[in-house]
Every structure is written in structure tokens, then in C-alpha cells.
Amino acid sequence: MLIIQNINLCYGKKERTSVYAKIRAEFPFSYLFDKLPDTFHGNVMIHRLSFYQKENIIKRLPVKDNYRFQFYNSVQDLNLTNLTIQSSLEGYEVIFFYDENRSGQPLRRGHNKDYHNINSLLYRHDVLNETAFFLKKEQYGRIVWNERKIDYDTGEWYYQHHIINLLHYSGKTPEIDIFIKRRPDFEYKQIAVLY
């Protein structure tokens with residue numbers, strides 16, 4: 001089973017200053033499972049958490065119960081922004097790519113491992129598309145990236161900090177502290193300077 005913890009921290013233009021950035025620097029990169037579902041099904045579980053920073057306070061936003069934990073039969077059913085996961089007998093290859101249709105600024109360019117692959121959706125695209133890490137059984141990886149977006153209602157910029165924790169788990173029911181009781185085996189970052 002692949003267990004994913006998807007954490008999103010959002011903040012506004014006012015919170016870009018160094019005073020508020022120091023508060024974000026203390027933001028945890030992993031959390032306890034607040035309440036595990038009664039039943040588990042499929043080969044992939046996603047735990048979603050959302051937070052919002054307003055000046056000195058980072059507040060956890062409510063997430064609907066049916067959205068907080070989601071289950072999928074396979075990694076092919078996932079639709080995660082900027083991530084592709086491919087499974088094999090040995091484990092999971094986790095790929096970070098810049099999704100031009102769903103991602104904010106800045107545009108991430110770099111090595112595109114599928115640039116010459118005519119069967120890829122990223123064929124001949126000048127965007128970042130690279131393997132972040134490969135997870136074997138019981139290995140834990142983390143992906144961190146940030147972005148700047150525009151609120152189409154107000155026209156104001158806002159900012160997001162994303163943390164994705166991934167664990168190739170072989171047990172039946174995960175412990176509630178599975179992501180906080182140890183450090184990741186792999187960490188991949190795409191942190192840009194946001195204006």
C-alpha cells in the first residue's frame with residue numbers, strides 16, 4: 001500500500017514578509033492521522049490537510065470527511081498536481097513535473113525525461129519532469145514545493161506551500177504517527193523565490 005499525506009499551506013501577499021516567513025519556517029512537514037477511517041480498501045490512501053496563515057496565526061482549515069481520506073485501487077487512478085507515480089514489482093517511482101495547466105508561478109523548466117517520448121503527454125514540452133526518488137518497501141519520501149497563484153475574484157496574488165509525504169507501507173493498518181515518528185529516507189524540493 002502507498003500512503004500519501006498531502007499538506008497545503010496557503011498565505012496572502014501581506015504574509016510574505018520575513019516576520020511571517022519565520023513563522024512558516026516552524027510549520028511541521030508531517031502530521032498525525034487525526035482519525036483513521038474504519039475500513040481500508042485499495043492500494044493507495046491519501047490523507048489531506050489544509051492550512052491558512054493570517055499574520056501570526058496558522059490555522060487548520062476544515063476538510064470534509066469524504067475528502068480528508070481517499071482510497072484508490074492503484075497509483076494510475078491518482079490525479080495529483082505535479083506528481084506522477086509509477087508502480088513496479090520493486091516499488092514506486094515518484095516523478096515531479098511542472099503541470100502547465102494546474103500549477104502557479106514560477107514556470108519550472110529543466111530536464112524533461114520524456115521530452116523524446118512520443119507516447120508522453122510531456123512530449124516536446126520545455127518543462128521540468130524528473131524522477132524525485134524510488135520507494136522500496138517501508139521507505140518514506142517527501143516532496144516539497146511552492147507556487148504563486150492569482151485569485152481570479154480579487155485579482156490578488158496568493159501563495160502556496162505543498163508538502164507531500166509518501167510511504168510504501170506493507171502493514172495492514174498504519175499507526176497514527178507513521179509520518180512523524182521517523183525522518184524521510186528521501187527528500188525532494190522545488191522551492192522557488194516567490195515575488
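User: Which residues make the nonpolar surface patch?
Analyst: Leu-32, Ile-176 and Ile-180 make it, and the patch covers about 250 Å². Keep in mind that this is a predicted model.

User: Where does Leu-32 lie?
Analyst: In the loop between helix H1 (18–25) and strand E2 (44–54).

User: OK, going inside now. How many residues are in the largest nonpolar core?
Analyst: There are 21 residues in that core. Leu-2, Ile-4, Leu-78, Ile-85, Phe-133, Ile-143 and Leu-166 have the most contacts inside it.

User: Which elements give two or more residues to this core?
Analyst: They're strands: E1 (2–12), E2, E5 (83–87), E6 (92–97), E7 (129–135), E8 (140–150) and E9 (157–168).

User: What does Phe-133 touch?
Analyst: Leaving out residues up to four places away in sequence, Phe-133 touches Tyr-92, Glu-93, Val-94, Gly-141, Arg-142, Ile-143, Leu-166, Phe-186 and Tyr-188.

User: What about the second core, how many residues does that one have?
Analyst: That separate core has 12 residues, including Met-1, Ile-3, Leu-36 and Ile-178.

User: Switching to histidines. Where is His-111 found?
Analyst: His-111 sits in the loop between E6 and E7. With a relative accessible area of 53%, His-111 counts as exposed, because the cut-off for that word is over 50%.

User: How far apart are His-111 and Ile-143 in space?
Analyst: Their C-alpha atoms are 17 Å apart, and in sequence the two are 32 residues apart.

User: So what does His-111 touch?
Analyst: Val-127, Leu-128, Asn-129 and Glu-130, again not counting residues up to four places away in sequence.

User: And His-125, where's that?
Analyst: His-125 is in the loop between E6 and E7 too. At 28% relative accessibility, His-125 is partly exposed. Its contacts, with residues up to four places away in sequence left out, are Glu-100, Asn-112 and Tyr-115.

User: I was told to look for a cis peptide bond. Where is it cis?
Analyst: Look at the bond from Gln-105 to Pro-106, which is cis with omega near 0°. Pro-106 lies in the loop between E6 and E7.

User: What's the phi of Glu-55?
Analyst: About 55°, a positive value even though Glu-55 isn't a glycine. Glu-55 is in the loop between E2 and strand E3 (57–61), and is partly exposed at 30% relative accessibility.

User: Last topic: how many aromatic pairs does the structure hold?
Analyst: It holds 11. One to look at is Phe-40 with Phe-71: the ring centres are 5.5 Å apart and the planes are at 85°, so the pair is edge-to-face.

User: Why does 85° make the pair edge-to-face?
Analyst: Because planes over 60 degrees apart count as edge-to-face, and the planes of Phe-40 and Phe-71 are at 85°.

User: Where do Phe-40 and Phe-71 sit in the chain?
Analyst: Phe-40 is in the loop between H1 and E2, while Phe-71 is in strand E4 (residues 69–72). They're 31 residues apart, so the pair links distant parts of the chain. Phe-40 is partly exposed at 24% relative accessibility, and Phe-71 is buried at 17%.

User: Which residues form an aromatic cluster?
Analyst: Phe-33, Phe-69, Tyr-140 and Phe-179 form one.

Conventions: Residues numbered from 1 in each chain as written. Predicted model: local features only at pLDDT ≥ 70, side-chain atom pairs only at ≥ 80, totals over all residues. Heavy atoms only, no water. Patch = residues over 30% accessible without salt bridge, like charges linked within 9 Å, V, L, I, M, F, W, Y side chains within 5 Å. Areas by Shrake-Rupley, 256 points an atom, 1.4 Å probe, with all protein chains shown as cover. Salt bridge = Lys/Arg side-chain N within 4 Å of Asp/Glu carboxyl O. Helix = DSSP H or I, 4+ residues; strand = E, 2+ residues; numbered from the N terminus. Core = buried A, V, L, I, M, F, W, Y, C linked by side-chain atoms within 4.5 Å. Buried < 20%, exposed > 50% of the residue type's maximum accessible area, 1.4 Å probe, protein only. Contact = heavy atoms within 4.5 Å. Phe/Tyr/Trp six-rings, centres within 6.5 Å; stacked < 30°, edge-to-face > 60°.
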